[in-house]
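This report comments on selected residues of the structure displayed below.

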Amino acid sequence: MTCSATNEVMTGEYTINIHKHIHGVGFKKCAPWAIKKIWKFVMKEMGMPDVCTNTKLNKALWAKEIRNVPYHIHVQLFGKCNEDEDSPRSVH
């Protein structure tokens, strides 16, 4: 996902297998670990250190309480190209 010269929005749709990341984690830590793993995945894919999650994602992870996290989750990533040319990051 790279930014072009025009000021466009970068998008991406991914299905994240949460089950392989939280397998073996204590049952009271499953949902918090899932959120951290999704943050790490988004940081890697978008290439930016600051990540904001939507409340819909949080509600979907916590829908079945702390220990019954869904095995897979479908996420959409959005990043707007930075207008400032002097900025070290091309996306914000």
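Is glutamate 65 buried or exposed?

**Glutamate 65**

Glutamate 65 counts as exposed because its relative accessibility is 57%; exposed means over 50% relative accessible area, buried under 20%, and partly exposed in between (1.4 Å probe, protein chains only). The residue sits in the loop between helix H3 (55–61) and E2. Helices (H or I, at least four residues) and strands (E, at least two) are DSSP runs, numbered from the N terminus.

The phi angle of glutamate 65 is near 70°, a positive value in a residue other than glycine. Most residues other than glycine have a negative phi.

**Basis of the model**

This is a predicted model, in which local features need pLDDT of at least 70 and side-chain atom pairs count only at pLDDT 80 or more, while totals for chains, interfaces and linings use all residues. Residues are numbered from 1 along each chain as its sequence is written, and side-chain values use heavy atoms, with hydrogens and water left out.

**Leucine 77**

Strand E2 (residues 72–80) contains leucine 77. With a relative accessible area of 7%, leucine 77 is buried. Beyond its neighbours within four places in sequence, leucine 77 has contacts (heavy atoms within 4.5 Å) with Met10, Thr11, Gly12, Tyr14, Val42, Glu45 and Met46. From leucine 77 to valine 51 the C-alpha to C-alpha distance is 10.0 Å, with the two 26 residues apart in sequence.

**Cysteines**

Cysteine 30 is buried at 7% relative accessibility, whereas cysteine 52 is exposed, with a relative accessible area of 78%. The structure holds zero disulfides, a disulfide being a pair of cysteine sulfur atoms within 2.5 Å.
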